[in-house]
Amino acid sequence: MGRTPKGRAVMEVGADGVALITLINPPVNSLSFDVLNSLKESYEEALRRDDVKAIVITGANGKFSGGFDITAFGGIQAGGEVSKPGFVSVEILTDTVEAARKPSVAAIDGLALGGGLEVAMGCHARISTPNAQLGLPELQLGIIPGFGGTQRLPRLVGLSKALEMMLMSKPVKGVDAHSLGLVDAVVAPDQLVKTARQWALDILECRRPWVYSLYKTDKLEPLGEAREILKFARTQAQKQAPNLTHPLVCIDVIEAGIVSGPVAGLWKEAEAFQELLRSDICKSLVHIFFAQRGTTKVPGITDLGLVPRRINKVAILGGGLMGSGIATALILSNYPVILKEVNEKFLQAGIGRVRANLQSRVKKGAMTQEKFEKTFSLLKGVLDYESFKDVDMVIEAVIENVSLKQQIFADLEKFCPPHCILASNTSTIDLNLIGEKTRSHDRIVGAHFFSPAHVMPLLEIVRTQRTSPQVIVDLLDIGKKIKKTPVVVGNCTGFAVNRMFFPYTQAALLLVEHGADVYQIDRAITKFGMPMGPFRLVDLVGFGVAIATGGQFVQNFPERTYKSMIIPIMQEDKRAGETTRKGFYVYDDKRKASPDPELKKYVEKARGISGVAIDPKVSLSIRVWL
């Protein structure tokens, strides 16, 4: 029995003499080898046929193409299909599509990402819908564009913009692509194919330019200026991702095309693509790619046929850093939010934090003033439970105090409707303990966000043995809509993230008491690749959270924990981390962290309490590693 082809390209020739080639490989028309071979065959047939004057390439079901089929990476990494990148970029896109004696136009709707955009750039013109997404996000997978993108994109949009789009994996919308020169026109979806057909015929009749994007030079800077731009890009790439090599490889390949010509650049791109595809970085990032997408599939939950319920209004208890961040994330996705606090002073502070979060987006150009006002209007502050009678979900985000949370959940059961989801943002506390005084165990769930909640992508969804599958499905849907990566975990002290993180922090404290330097440890961790070290992170989340979290572990795992007194001693001296401008570091008005010479006295005092002796080997081993 033969292998079933994974996708195809089909061709239909109209009375106008235009061959419409449609890429078909649901859900995003990814470019499997079957699709690419079928595209080549369809193209060659169109070139042979006398009744075909011009060619339009599009994708089925409102999507041009989401790019190369990532599921094929495993076969390539194992040693198969080694010649394919060069085959695609040169034999299909350059020698067949771009060099064809009949003009071709890409009709782009939905997505044109990665290899999808590279196919479109091989055509002689591109027509897009306004909201189509165009980009080359391959660096997120540890590789570089492999179908000619490193050579064609700089020639269409200029070197600086091309570097931004590739190194940051930053797509652009159709309207912006038009202003950049990446597409030639923007039209409504219902006019897309019709316009593309006419555009192709206009090229044939010399009413439109016949453009070979690989050989365009008008957008490229002079060589000396280009090298300065590339030099700056290298510096930024090394600064932002010092342990990654593939961004530098991408820059090298772009430079090769500018210096030695685009064809030489294509072959260097193909060679580098093959090498990176077999790298450990690529294998790891591809694993993460599939793992992130696999988080929404939970056996025994998402396979029951349950449909997410509509969430019309969300209430949040607590307007601190976490509560205000969660509120920001929700209103940014158009959820009306009620923010409750215990008094007017705390309420206004919480509302002020949400306002500041949104204003930061305005200042960065990510939000207009009009959008700011519309978004901020979705937030309502209250001091009682009166407005909770019609909410669909409540997220408790108060301090990590068991008795306080128990009282809150008992109150919520009285004031919220029976269908309302009762969620806690606790980072550590067992949900069964939190819900001990309620009867609504089927709708109690953990919704653990990470600080800052409106920025960090992870959402830990914690289920107990009695949490309803419907509640989990609802929360997965909300997580997706507020652009989070939801991960469903079991209920235990620390859940998944803090269960891993707490020993990491404990080890750092233990090393310090044995003689290691706090700042050396943080430098070692950031050199390894983490965005910040454990002590800078404790300052960020706050000592109150750190002590509450640590207390839960000490209480539940006394034989497996090391109880350091460094943080409690510092807290007694009114140090609480970044919020008080003093923690393990000291902070200026712009929250810039600097080492604090006074830290030594707190470490010595904690060491005296624990009776731990300094071990010179500990500090020496870290210095050697650095």
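The model is predicted, with local features needing pLDDT of at least 70 and side-chain atom pairs pLDDT 80 or more, while totals for chains, interfaces and linings use all residues. Residues are numbered from 1 along each chain as its sequence is written, and side-chain values use heavy atoms, without hydrogens and water.

The protein chain contains 25 helices and 19 strands (DSSP runs of H or I, at least four residues, and of E, at least two, numbered from the N terminus). Its radius of gyration, taken over C-alpha atoms, is 28 Å, close to the 25 Å from the globule rule for 626 residues, so the chain is as compact as a globular protein of that length. The rule is 2.2 Å times the number of residues to the power 0.38. Of the 626 residues, 52% are buried (under 20% relative accessible area, 1.4 Å probe, protein chains only).

A453 lies in the loop between β15 (444–449) and β16 (458–463). This residue is buried, with a relative accessible area of 1%. Apart from neighbours within four places in sequence, A453 is in contact with M322, G325, I326, A329 and K484 (heavy atoms within 4.5 Å). The C-alpha atoms of A453 and T505 are separated by 21 Å, and the two residues are 52 apart along the chain.

Key
Buried < 20%, exposed > 50% of the residue type's maximum accessible area, 1.4 Å probe, protein only.
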